[in-house]
Amino acid sequence: MSQRLTSLLVFSFFGLTPQYRVNLFSQVHDLVFHGGGGFQYTEVYNMPIWLRTFHINKISEYNQEQNEQMEKAKKGSSSNTSQVQRPNVSPGNTYNF
């Protein structure tokens, strides 16, 4: 008649799963590293999930816009790459003795 009692601590629903922990720490790293110094580790770690994803999406949108602008600027300047631009300085005005 010995019954074995199973503790609830055996089940794995306590704590974070390894996959969730990797996702959480990746988000924390991304916000602290790419946030331009605007976030601290503890602030991001304790931040609500919806707010953390909002900031990550905004940083991602900003980076995409910057990449598009860089590509446009690169395409616009590539047409004149064969001709070197020289400074508009005449040799007589270089030294005023």
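**Close-up views: aromatic residues and a nonpolar patch**

View 1. Y45 counts as partly exposed, at 35% relative accessibility (buried is under 20%, exposed over 50%, partly exposed in between; 1.4 Å probe, protein chains only). F25 is likewise partly exposed, at 32%. This is a predicted model, in which local features need pLDDT of at least 70 and side-chain atom pairs count only at pLDDT 80 or more, while totals for chains, interfaces and linings use all residues. Residues are numbered from 1 along each chain as its sequence is written, and side-chain values use heavy atoms, with hydrogens and water left out.

**View 2. The aromatic cluster of F25, Y41 and Y45.** There are 2 aromatic pairs (ring centres of Phe, Tyr or the six-membered ring of Trp within 6.5 Å; planes under 30 degrees apart are stacked, over 60 edge-to-face, the rest tilted). F25 and Y45 are stacked, because their ring centres lie 6.2 Å apart with planes at 15 degrees. This pair links distant parts of the chain, joining F25 in helix α1 to Y45 in helix α2, 20 residues apart (helices are DSSP runs of H or I, at least four residues, numbered from the N terminus). Y41 and Y45 are stacked too, with centres 6.0 Å apart and planes at 20 degrees. Both lie in helix α2, 4 residues apart, about one turn of the helix.

**View 3. The nonpolar surface patch.** L16, Y20, F25, V32, Y41, Y45 and I49 make a patch of about 600 Å² (residues with over 30% relative accessible area and no salt bridge; nonpolar side chains joined within 5 Å; areas by the Shrake-Rupley method with a 1.4 Å probe; a salt bridge is a side-chain nitrogen of Lys or Arg within 4 Å of a carboxyl oxygen of Asp or Glu). Helix α1 gives the largest share, 3 residues.

Key: Patches are made of residues with over 30% relative accessible area and no salt bridge: like charges are joined within 9 Å, nonpolar side chains (Val, Leu, Ile, Met, Phe, Trp, Tyr) within 5 Å. Helices (H or I, at least four residues) and strands (E, at least two) are DSSP runs, numbered from the N terminus.
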